[in-house]
Each structure stands twice: as structure tokens, then as C-alpha cells.
Amino acid sequence: MLQPGDRAPDFALPNADMEPVSLASLKGRRHGVIYFYPKDDTPGCTMEALEFTDLQAEFEAAGTEILGISRDTCASHGAFRDKYGLSIHLLSDSDGEVCEAYGVWREKEAHGEKRLGILRSTFVVDKSGVVRHALYDVKPKGHAAQVLDLVRAL
């Protein structure tokens, strides 16, 4: 698990339009909010993505880029974005390497069945690429506003 003060693992992943987005591209310019979510177009993930989208202008005013990551495909991200009018970056980690690097690929239990999946988690990374906040197993409702408060305090 990543801890505050750790260097954020770098990555370059395709967005919904199959364009690469990298953490390194933010270095020295903007803070990053990297949030991992289990699956496109599910109730909790939709709520979280809509809340980040609703607050996007405030995150931008705080010099922060929002990057949502799941193992869904770019096509799935595009459909999810278009269905709900999302304006944040949705990145595809189809092979799970970035999920592993951030420690969010975990065994989870649902309906009495254990399986591997993404533990909903958010990382606030400063302009120098250092993790300032590592939030594991977050609840989606109201989460974006809580993260915005953390970003404003940087």
C-alpha cells in the first residue's frame, strides 16, 4: 500500500479516445487526483464520476487534474463518458499493472463469493509526484468534495 510521502508510480494509460495520458505530464505543472474505481456504469462508480465531473472547475482552479482508472476498455469508458456527460479523464488499465502498482487490486467478497477486484481508492499527488494522501476503501457519496478539500490544502 502506498503511504503519504511515497513517490507516486508513474504510468501512461489510454483514455476513452485511446489517447495516452501520463502522470509524468503533470509533473511540475499540476497536482493529480488519481482515483481507482471498480466498473463503468455501476451505481457507485457513476455517482463518484458525476461528483468529480460536477466539481471539475473547482479542481482546475486548484491546479489539479482528475484521472479515473479502472480495468474497463477504452470503448467502455467512451460509452460511460457519453451516457453521463462526464468530462474527467477515464483511463483504461486493462492489464492491471497500474492497479497493482498502487495496491488497489485486492481480494474482495460480495454475496459470499471471494474474487479479485479494484478496491475503490484515491490518491492525491502533488506537482512533484509525491503522494500526499492515500485513501483506500472509500465510499463514493461525497468523496469528490472531501478530496477537493484535501487538494485545496496543498
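Okay, quick definition before we start: a helix here is a DSSP run of H or I that's at least four residues long, and helices are numbered from the N terminus. Keep in mind that this is a predicted model.

So, let's look at helix 3, which covers residues 74-84.

Now, which residues of helix 3 are buried? They're Cys74, His77, Gly78, Phe80 and Arg81. If you look down the axis of helix 3, those buried residues fall within an arc of 165°, so they line one face of the helix. Turn to the face pointing away from that buried side, and you'll find the exposed residues Ala75, Asp82 and Lys83.

And what covers the buried residues? The cover includes strand 1 (12-14), helix 1 (43-54), strand 4 (64-70) and strand 5 (89-92).

Strand 4 and strand 5 pair with each other in the parallel sense, over 4 bridges. The chain gets from strand 4 to strand 5 by crossing through helix 3, and that β-α-β crossover is right-handed.

Last stop, histidine 143, over in helix 5 (residues 143-152). Buried or exposed? Buried counts as under 20% relative accessible area, and histidine 143 has 2% relative accessibility, so it's buried. Its side chain makes a polar contact with the side chain of threonine 122, at 2.7 Å. Leaving aside neighbours within four places in sequence, the contacts of histidine 143 include Glu48, Glu51 and Phe52.

Technical notes: Residues are numbered from 1 along each chain as its sequence is written. This is a predicted model: local features need pLDDT of at least 70, side-chain atom pairs count only at pLDDT 80 or more; totals for chains, interfaces and linings use all residues. Side-chain values use heavy atoms; hydrogens and water are left out. Helices (H or I, at least four residues) and strands (E, at least two) are DSSP runs, numbered from the N terminus. Buried means under 20% relative accessible area, exposed over 50%, partly exposed in between (1.4 Å probe, protein chains only). A polar contact is a pair of N or O atoms within 3.5 Å; within protein, one must be able to donate a hydrogen and the other to accept it, and residues adjacent in sequence count only if both atoms are side-chain atoms. Contact means heavy atoms within 4.5 Å. The arc is that of the directions from the helix axis to the C-beta atoms. Two strands pair if DSSP finds at least two bridges between them. A crossover is right-handed if, with the strands pointing away from the viewer, the path from the first strand over the helix to the second runs clockwise.
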